[in-house]
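Welcome! Here is a short briefing to read alongside the structure, with the points grouped by topic.

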Amino acid sequence: MTPDDQFTAPLFAGVDVGGTNVKVGLVDDRGKIVADTKFPTSPGESPDIAILQALEEFKALIEPSGFQWSDVAAAGLGTPGPMDIHRGVILTPTNLPGWHNFPVQGKLAEVLGKPVTYANDAGAAAFGEFWVGGGQQHSSMVMITLGTGVGGGIIIDDLSVDGANSHGAEIGHIVIDTRDDARICGCGQAGHLEAYASATALVERTREAMGNPDAGTVLRNLIGETSPLSALMVATAADEGDALAMKLVSETAVYLGRGIAQLAHLIDPAAFILGGAMNFGGADSPLGVKFLNEVKAEVRRLVFPVLGERLVLNFAKLGSEAGFVGAAGLARSQYNRTR
Ligand SMILES: [Zn+2]
């Protein structure tokens, strides 16, 4: 019996470290969120402070739940990269200068008094979607997150593909354009998916298109002194039927389709899930559905027929809780494997 029949013990603790907030949550054995909260990261400060605060938050969360801290079997931690997952060390994340080369996995395990599973933040979010979100009911899944950059996670049979060097799902950096004048990615290399299909890339492509004085678009009126051009602005204009914005969104779908076609041939996962802030309104909006259909059409044009016929491509379902839920889920998988 559990203290509350609503939840199934044991519980798992999830920690999702971002540049702005640290999200922490307690998740039950079936992936239901028992309680969660967040606190500001203080990126320039030592991670010791954040780790101690995570423990305090967990204690505050467990108190009213009817569970005891001893009901928590294990914890999972997701952080931005670069990282050395196998050594449990966060390396040099750009937006967390105080965290460089910190043995974060061992330190969190010591403070929480629980075994800690360590993952890339995108990998943790992917596992959350795999466990209880858009990828549920599928045995394997690739998640692609479209935001400032393009990230992702590859989950196969309950395992996150981290790779030997912790760069196992760098989906944003697969090459989709081999021409000499290909766009330059944030990583410095040319022709990567991120340089074409991220929100940053959409803004850049839109700026270039607007540089042509003949290109009539409502976007010119939307941009103000305090509101620079954004991917959301392009999506809004496309939603309102602006021809230039619609063209740019459709081109984003084609670029993404090229990336997904490569992943389909390489991995052949049961499902692809699209996450991240740039979702063009998601599954409930006509623009989101149109975007998804255009991505699918491009994938089908490029892959073996059976992969096109059976293609499953959906938007993510969990939102910002995917990271800590997935971190907890990875802890649960590890716990069940080693028990
Ligand atoms: Zn790159």
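Leaving aside neighbours within four places in sequence, Ile 62 is in contact with Leu 26, Phe 67, Gln 68 and Trp 69 (contact means that the C-beta atoms of two residues, placed from the backbone, lie within 7 Å). This is a predicted model, in which local features need pLDDT of at least 70 and side-chain atom pairs count only at pLDDT 80 or more, while totals for chains, interfaces and linings use all residues. Residues are numbered from 1 along each chain as its sequence is written.

**Around Ile 62**

- Ile 62 belongs to helix H1, which covers residues 47-62 (helices are DSSP runs of H or I with at least four residues, strands are runs of E with at least two, and both are numbered from the N terminus).
- Ile 62 is buried, because 20 other C-beta atoms lie within 10 Å (buried means 20 or more other C-beta atoms within 10 Å of a residue's own, exposed means 12 or fewer, and partly exposed is in between, with C-beta atoms placed from the backbone).
- Gly 25 is 37 residues away from Ile 62 along the chain, and the C-alpha atoms of the two are separated by 9.7 Å.

**The chain as a whole**

- You will find eleven helices and twelve strands in the chain.
- The radius of gyration is 21 Å, which agrees with the value near 20 Å that a compact globule of 339 residues would have (the radius is taken over C-alpha atoms, and the globule rule is 2.2 Å times the number of residues to the power 0.38).
- The C-alpha trace spans about 65 × 50 × 35 Å along its principal axes.
- Of the 339 residues in the chain, 46% are buried.
- If you take the contacts between residues at least 6 apart in sequence, 63% join residues at least 24 apart.

- Domain 1 brings 16 residues to the contact, and domain 2 brings 16 residues.
- On the side of domain 1 that touches domain 2, the elements giving two or more residues are strand S5 (83-84), strand S7 (116-120), helix H3 (121-132) and helix H11 (322-338).
- H3 gives the most to this side of domain 1, with seven residues.
- The residues on this side of domain 1 divide into ten nonpolar, four polar and two charged (Ala, Val, Leu, Ile, Met, Phe, Trp, Tyr, Cys and Pro count as nonpolar, Asp, Glu, Lys and Arg as charged, and the others, Gly among them, as polar).

**A look at helix H3**

- The end C-alpha atoms of H3 are 17 Å apart, which agrees with the 16 Å that its twelve residues should span at 1.5 Å a residue (the expected span is 1.5 Å times one less than the number of residues).
- H3 is mostly covered, with twelve of its twelve residues buried.
- Among the buried residues of H3 are Asp 121, Phe 127, Glu 129 and Trp 131.

**A sheet of five strands**

- Five strands form an open sheet in the order S10-S9-S8-S11-S12, with mixed pairing (two strands pair if DSSP finds at least two bridges between them).
- Its edge strands, S10 (159-160) and S12 (313-315), each pair on one side only.
- S8 pairs with strand S9 (residues 150-156) in the antiparallel sense, over seven bridges.
- Ser 140 stands opposite Ile 156 in S9.

**Backbone details to look for**

- Most residues other than glycine have a negative phi, and most peptide bonds are trans.
- Ala 9 and Pro 10 are joined by a cis peptide bond with omega about 0°, and Pro 10 sits in the segment before strand S1 (11-17).
- Gly 81 and Pro 82 are also joined by a cis peptide bond, with omega about 0°, and Pro 82 is in the loop between strand S4 (72-79) and S5.
- Gln 137 has a positive phi, near 75°, and lies in the loop between H3 and strand S8 (140-146).
- Gln 137 counts as exposed, because it has 10 C-beta neighbours inside 10 Å.
- Phe 280 has a positive phi, near 55°, and is placed in the loop between strand S11 (271-275) and helix H9 (286-302).
- Phe 280 counts as buried, because it has 25 C-beta neighbours inside 10 Å.
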